[in-house]
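Hi everyone, thanks for coming. Let me put today's protein up on the screen, and then we'll walk through it together.

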Amino acid sequence: LGLFGGFMCLRHLLLSLSLAAAAASEEKAAAGEKKAATKRPSSLAPVVGYRDIYSQLHLNDDGIPKVLMLLGGDSDTGSGEAPSWYSSAAMRFKQGRTKTAAFFAVAAGRDAARAAARFGIEEVPPGGAIFVCASGKARRFHFSPEAGAGERSRALRSTVEAAVSGEAEEQDLQPVPSFPEPDRPRKAAAAASLDEAKKAVAS
């Protein structure tokens with residue numbers, strides 16, 4: 001009986017250790033999933049390359065103000081994310097699937113530098129540069145890197161809200177610069193050219 005009792009105690013101990021190990025493994029996996037989720041690109045302020053700026057400005061979410069941030073830094077890999085205070089500002093203008101303003105960012109390095117040149121900026125500041133575009137006009141949003149994240153986010157929201165309501169001041173505006181259109185498949189491009197030729201002949 002004593003031997004049997006000892007065996008049962010050992011069995012319970014091994015079972016307890018096995019359950020504890022399984023629970024620890026599940027917690028580790030959950031923590032890993034949570035960490036991976038926090039690293040997913042923001043859908044509120046996606047980072048795009050230079051060739052995708054035209055689509056973001058003119059094709060996606062048509063008819064509402066667009067806010068773009070040229071990310072500062074030297075990375076040419078297209079990686080990186082918009083700062084959290086910028087995404088936080090974007091959250092104010094999205095209810096469910098409806099947006100009243102669309103935010104995006106341009107990848108740091110070569111892409112941001114090329115976009116900056118279109119806006120007349122010689123160099124992208126380390127903290128980035130932001131433009132609010134509406135009705136064919138763009139206004140640069142100036143912010144101090146020394147200001148707190150909350151202060152910057154609130155100031156940006158105020159500027160965008162004015163653009164959404166149509167109450168933005170007319171001063172310090174510049175035309176939204178042109179960006180190259182996305183590449184079209186050859187057949188689609190040929191069909192578009194044929195349609196344009198027909199219209200020209202008809203006129």
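So, how many cavities of 30 Å³ or more does the structure hold? It holds 1. Before we look inside, some housekeeping. This is a predicted model, where local features need pLDDT of at least 70, side-chain atom pairs count only at pLDDT 80 or more, and totals for chains, interfaces and linings use all residues. Residues are numbered from 1 along each chain as its sequence is written, and side-chain values use heavy atoms, with hydrogens and water left out.

Okay, the overall layout. The protein has 6 helices and 8 strands. Those are DSSP runs, numbered from the N terminus: helices are H or I with at least four residues, and strands are E with at least two. Reading from the N terminus, the order is α-β-α-β-α-β-β-β-α-β-β-α-β-α. Of the 203 residues, 30% are buried. Buried means under 20% relative accessible area, exposed means over 50%, and partly exposed is in between, using a 1.4 Å probe and protein chains only. And if you take contacts (heavy atoms within 4.5 Å) with a separation of 6 or more, 77% of them are between residues 24 or more positions apart.

Two strands count as paired if DSSP finds at least two bridges between them. Strands 2 and 5 pair in the parallel sense over 5 bridges, and there you can find Leu 70 opposite Val 106 in strand 5. Strands 6 and 7 run antiparallel, also joined by 5 bridges, with Val 132 opposite Arg 139 in strand 7. Strands 7 and 8 are antiparallel over 2 bridges, and Lys 137 has Pro 175 in strand 8 as its bridge partner.

Most residues other than glycine have a negative phi. Is Ser 135 buried or exposed? It's exposed, with a relative accessible area of 79%. Asp 61 is another non-glycine with a positive phi, about 50°. Asp 61 lies in the loop between helix 2 and strand 2, and it's partly exposed at 35% relative accessible area.

On to the packing. In soluble globular proteins, nonpolar side chains tend to be buried together. Here the largest nonpolar core has 22 residues, and those with the most contacts inside it are Val 67, Met 69, Tyr 86, Phe 103, Ile 130, Leu 156 and Val 160. By nonpolar core I mean a set of buried Ala, Val, Leu, Ile, Met, Phe, Trp, Tyr and Cys residues joined through side-chain atoms within 4.5 Å. The elements giving it two or more residues are strand 2 (66-70), helix 3 (84-91), strand 5 (102-106), strand 6 (129-134) and helix 5 (149-165). Helix 3 gives the largest share, 4 residues. Apart from that core lies another, of 21 residues, including Val 48, Ile 53, Leu 68 and Val 124.

Let's zoom in on helix 3. Its buried residues are Trp 85, Tyr 86, Ser 87, Ala 89 and Ala 90, and among the elements covering them are strand 2, strand 5 and helix 5. Leaving out residues up to four places away in sequence, Tyr 86 touches, among others, Val 67, Phe 103 and Leu 156.

On a 1 Å grid over the protein atoms alone, a cavity is a set of points where a 1.4 Å probe fits but cannot get out; a pocket is an open set with protein on both sides within 12 Å along at least five of seven lines; and lining residues have an atom within 4 Å of a point. Grid points are joined across faces, edges and corners, and a volume is the space filled by probe spheres set on the points. The largest cavity has about 30 Å³ of space, and its lining includes Leu 44, Ala 90 and Phe 103. The largest pocket has a volume of about 600 Å³. It's lined by 28 residues, and closest to its centre are Cys 133, Ala 134, Ser 135, Lys 137 and Ala 163. Helix 5 gives the most to that lining, with 4 residues.
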